[in-house]
Amino acid sequence: MFTDISHINVVGGDGGAGCMSFRREAFVPKGGPDGGDGGHGGNVIVEATSQLSSLIDYRFKHHFKAERGTHGKGARKHGSRGADLVLKVPLGTVVRELDPQTMEPLYDIADLTQQGERVCVAPGGVGGRGNIHFVTSTRRAPAFAEKGEPAIPHWIELEMKLMADVALIGMPSVGKSSLIARISAARPKIADYPFTTLVPNLGMVRALDHSSFVVADVPGLIEGASQGKGLGHEFLRHIERTAMLVHIVDATGGFEGRDAVDDYRIINTELKNYAAELADRPQIVVANKIDMPHSKRSLERLREAALADGHQFFTISTLTGEGLSEFVGSCAQMVQTLRQELAAQQTAEQTSVQAKVANWELQRQQRDKRYHINNLGGGVFQLTGTTVERMVVQTDWDNDEAILYLQHRFERMGIDDALYKAGCRNGDEVRILGYSFEFGGFDDEKPDDFDELTDDDDELYEE
């Protein structure tokens, strides 16, 4: 079964809790803190592989969770990290973050087009630090440790776009499936009614000069496909990555007696409306069914229209094989030229797989560090942000030392200054997740040095 789009829920592993422990040995009654750290939770990673051609693995299973980290122990024994969960997807898969409420895409996470490309879609929870990390010159025996961070669930969209050299496009029942069956080993369903092909088919074509290229048989398009009519969006997505287009036109007009030139114009208009750059994609126009009676009346008009648009024009018969050798040879030559141009472009704009993955990871980390302050009115402010919320959930709220440490961390991050700038004053309520705090950062009067503090606002603060 062919599946080219899936929505799945991914959750990293929870982080292990840090340990609050003190060294106790014979003749060492006060050995100091020795609590180990909790292990980080495993990440959920999406990896591209050429071994898959569909997202069928995610059609019926929609929830994936990585392994959690283990808790820290005394004697500086750190917990083990949870194992990563790797989800394999086909080459050409676009990964998007979804809004969990509306299930609408929020932003693209990655576009995986190379073998082995990876991206983390659900980071595991951070392991809590043991009390060995909180020793200072004035705090010699910290009696607290951090809790492990619970992993945050994410809904993501996996959208596969076929990666082929050539895409066969055209109206339904113009002979696209017959053509790919004739020139390759692909065996799509062929019948004499529209929309026989409901999913794309791939075929490997070998030319006489022993060069080869991949052809995608895309289901038939109709007028209005760019607006989604006739599952247009479902089919058009598979054209986006192809290097060139082969536009098949039924020279006989089909059962409805359509005009071949009108069909040609309609399909090109839909391509342009869906994505303007598709109109500039290299295109070969092919008139099929020239073995049928009355097909020659429209050939010259179609030839003139194609040549006027700067496209090569061929006449073929998928039934008799007439014109196929010349057509395949020209396709192979054009594909080879496009590959050379693409290779030169990639050399000029070469970006390694590792660099791209590192860039995606950096973007994710930057999103996590940002925080936002929302004035709810009535002296109530909501503070949100992945890093800020992580600090809160890792705090042991039954331990006064741990709470005091959290307050110092907020102050060092500049959160108190940002709250004051947002209008928060002493006695106002600040909410983070399910917790409520009373703001006490400044006196009611604006500090004399406040301008100096806020002229260069922390870039992580979003107003």
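At the start of helix α8, a side-chain oxygen of asparagine 399 comes within 2.9 Å of the backbone nitrogen of glutamate 401. This is a polar contact (a pair of N or O atoms within 3.5 Å; within protein, one must be able to donate a hydrogen and the other to accept it, and residues adjacent in sequence count only if both atoms are side-chain atoms). The model is predicted: local features need pLDDT of at least 70, side-chain atom pairs count only at pLDDT 80 or more, and totals for chains, interfaces and linings use all residues. Residues are numbered from 1 along each chain as its sequence is written, and side-chain values use heavy atoms, with hydrogens and water left out.

Helices (H or I, at least four residues) and strands (E, at least two) are DSSP runs, numbered from the N terminus. Helix α8 covers residues 400–413, and its 14 residues should span 20 Å at 1.5 Å a residue, which agrees with the 20 Å between its end C-alpha atoms. The expected span is 1.5 Å times one less than the number of residues. Ala402, Tyr405, Leu406, Arg409, Phe410 and Met413 of α8 are buried. Seen down the axis of α8, the buried residues fall within an arc of 140 degrees, so they line one face of the helix; the arc is that of the directions from the helix axis to the C-beta atoms. Asp400, Glu411 and Arg412, on the other side of α8, are exposed. Buried means under 20% relative accessible area, exposed over 50%, and partly exposed in between (1.4 Å probe, protein chains only).

The buried residues of α8 pack against β15 (371–377), α7 (386–393), α9 (415–421) and β17 (429–432), where contact means heavy atoms within 4.5 Å. Just after α8, glycine 414 has a positive phi of about 85 degrees.

Elsewhere, three strands form an open sheet of mixed pairing, in the order β4-β2-β7. β4 (85–90) and β7 (118–122) are at the edges, each with a single partner strand, so one side of each has no neighbour in the sheet. Two strands pair if DSSP finds at least two bridges between them. Strand β2 (residues 44–49) pairs with β7 in the antiparallel sense over four bridges, and glutamate 47 stands opposite arginine 118 in β7.

Strand β9 (residues 166–169) is covered on both faces, with Val166 and Leu168 buried on one side and Ala167 and Ile169 buried on the other. In a regular strand the side chains alternate between the two faces of the sheet. Three bridges join β9 to the parallel strand β11 (residues 212–217), where valine 215 is the bridge partner of valine 166. β9 also pairs in the parallel sense with β12 (residues 244–250), over four bridges; in β12, valine 246 is the bridge partner of leucine 168.
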